[in-house]
Amino acid sequence: MPSLNYAAPTSVQEAIALLAGAAGLAKPMSGGTDLLVQLRSGRLKPDLIVDTKHIPGMIGIREESGGFVIGAATSGATLEAHAGLKAAWPGVVEAMDLIGSEQIQGRASLAGNLCNASPAADSVPAMIAAGAVAVIVGPKGERTAPVESIVVSPGRTSLARDEFILAIRLPARPAHSGDAYLRFIPRTEMDIAVVGCGVSVTLDAQGVCTAARVALGAVAPTPLLVADAGAALVGHTLDDATLAKLDAAARAACKPISDKRGTIEYRTKVAGVLARRTAAIAFERAKGGVVKGH
Amino acid sequence: MSKHHVTTTINGEAVEFLCETQETLLDVLRNTLNLTGSKEGCASGDCGACSVIADGTLVCSCLMLGVEAEGRSITTVEGIADGEKLHPIQQKFLEHAALQCGFCTPGFIVAAKALLDANPNPTEEEARYWLAGNLCRCTGYDKIIRAVMDAAAELRGEARAA
């Protein structure tokens with residue numbers, strides 16, 4: 001077995017130089033909860049692991065211009081413990097919290113979940129609905145990209161080999177805003193989504209939706225931003241006709257596969273139902289209600 | 001690449017070891033340091049038998065590289081008892097017969113310790129969710145939960161639960 005190298009750079013520049021200069025495959029690692037499993041199974045055979053956790057900014061949560069900047073390697077346990085983030089973006093925090101066990105939460109991160117590029121990643125639809133932006137660093141400096149542009153196919157991202165995510169930015173929240181994420185699994189814990197749905201809405205003082213983003217997971221090769229589903233909500237309250245349009249738009253966006261977790265027909269049906277339920281929670285939260293999500 | 005020289009703290013003692021990149025912390029604990037309390041069940045972060053506490057955070061030692069232990073403070077199941085005196089969680093596992101084959105027990109003890117350090121008064125539901133990352137194929141979990149809830153009561157200084 002060729003020897004596997006490891007580096008723990010303490011600056012972005014050093015990390016990029018290592019990724020760009022490596023002979024063979026170099027992989028950035030934050031919590032390692034996916035990477036080390038793939039290493040062990042032989043699915044991934046890197047020549048170099050670049051541990052990014054010692055780079056300033058990679059771990060921690062800070063408020064900036066009314067929004068939040070979450071270091072790319074910040075653990076789920078740290079998100080869960082941050083009262084301000086939970087109050088502003090309960091759906092994003094709950095989506096992250098659904099991933100794996102307490103042990104996994106001690107290491108797993110939003111950016112890691114994103115870069116693993118699973119169609120069923122729980123945090124990704126919630127981040128897409130939230131309008132989250134990835135701050136990406138590479139040899140040409142820093143760039144930003146919406147989260148929905150990162151996953152391009154199962155297991156693949158739009159990042160170049162010498163780029164990595166430094167932080168996830170969540171925008172400032174207008175008044176009367178709320179988000180939610182629901183995942184359907186046939187049990188209560190420790191499973192992979194059959195369908196996941198993230199919704200983020202802003203309402204006016206009368207409770208009419210003025211802005212909405214809806215995202216679905218596990219119903220296509222990548223997590224989806226469903227523009228038609230968001231558009232179905234704007235200008236309306238959650239009346240029966242609006243819910244029916246939301247349901248139909250969510251189903252229309254689905255391009256799932258049939259596998260042991262569900263058939264194409266089942267996943268499509270569940271996507272519509274989950275969109276209704278998730279939207280109901282997001283609307284209640286936008287009205288100031290404290291609603292139990294997952 | 002030559003082996004990494006790692007300086008860390010394990011169960012309160014300064015420890016140095018050498019490891020290859022691909023060796024997990026679990027590999028190092030068991031094979032290099034002869035701390036064989038932590039078990040390898042799945043080696044993929046699903047079973048929790050290798051649970052350790054790293055700087056106060058519960059993690060799977062199979063999903064952490066040995067080299068990542070540099071400068072950290074690690075608590076394994078061997079560090080839970082106070083010398084010969086069992087920790088109340090360990091004592092309650094014995095009293096409630098919360099194990100059969102015992103393979104999962106070290107992971108449960110460590111995970112329960114992390115739970116009670118963070119939340120001394122969990123509800124049964126909170127305890128069950130917290131321990132959902134630890135698999136036991138013998139007990140059906142009920143005795144484990146009773147042992148943890150009883151240990152929590154004792155650690156809070158309350159009378160023994162019925």
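Let's start with one helix, α3 of chain B. Buried along α3(B) are T105(B), P106(B), G107(B), F108(B), I109(B), V110(B), A111(B), A112(B), K113(B), A114(B), L115(B) and L116(B). Quick caveat before I go on: this is a predicted model.

So 12 of the 14 residues in α3(B) are buried, which means the helix is largely enclosed by the rest of the structure. What do those buried residues pack against? Within chain B they pack against β3, β4, α2 (88-95), α4 (124-130) and α5 (142-155), and from chain A they also meet α6. As for the helix itself, α3(B) spans residues 105-118. From its first C-alpha to its last it reaches 20 Å, close to the 20 Å expected at 1.5 Å a residue. It lies across β3 (51-54) and β4 of chain B, and it runs at about 35° to β3(B).

That takes us to the sheet in chain B. It's an open sheet of 5 strands, in the order β2-β1-β5-β3-β4, and the pairing is mixed. Which strands stand at the edges? Those are β2 (13-19) and β4 (57-60) of chain B, and each has a single partner strand, so one side of each is left without a neighbour in the sheet. From one strand to the next, the twist averages 40°.

Let me zoom in on one pair there. β1(B), residues 4-10, and β2(B) pair in the antiparallel sense over 7 bridges. If you want a spot to look at, find T7(B), which stands opposite E16(B) in β2(B).

Now over to chain A. Here we have an open sheet of 3 strands, ordered β1-β3-β2, with parallel pairing. The edge strands are β1 and β2 of chain A, each with a single partner strand, so one side of each has no neighbour in the sheet. On average, neighbouring strands of this sheet are turned by 20° against each other, direction ignored.

Helix α1 of chain A, residues 12-21, packs on this sheet and touches β1, β2 and β3 of chain A. The direction of α1(A) makes about 165° with that of β3(A).

Stay with β3(A) for a moment. L48(A) and V50(A) point one way from the strand, I49(A) and D51(A) point the other way, and all are buried.

What about the partners of β3(A)? With β1(A), the pairing is parallel over 3 bridges, and A7(A) stands opposite V50(A). With β2(A), residues 26-29, the pairing is parallel over 4 bridges. In that pair, I49(A) is the bridge partner of K27(A), and A26(A) stands opposite L48(A). To get from β2(A) to β3(A), the chain crosses through α2(A), and this β-α-β crossover is right-handed.

Last stop: where the two chains meet. How many residues are in contact here? It's 22 residues of chain A with 24 residues of chain B. On the chain A side, the elements giving two or more residues are β1 (5-7), α2 (35-41), β3 (48-51) and α6 (102-105). α2(A) gives the most, with 4 residues. By type, that side of chain A divides into 9 nonpolar, 8 polar and 5 charged residues.

Note on methods: Residues numbered from 1 in each chain as written. Chains lettered and ligands numbered in written order. Predicted model: local features only at pLDDT ≥ 70, side-chain atom pairs only at ≥ 80, totals over all residues. Contact = placed C-beta atoms within 7 Å. Nonpolar A, V, L, I, M, F, W, Y, C, P; charged D, E, K, R; others polar. Pairing = 2+ DSSP bridges. Axes fitted to C-alpha atoms, helices over the stretch in contact; angles between N-to-C directions. Expected span 1.5 Å × (residues − 1). Buried ≥ 20, exposed ≤ 12 C-beta atoms within 10 Å, placed from the backbone. Right-handed = clockwise from strand over helix to strand, strands pointing away.
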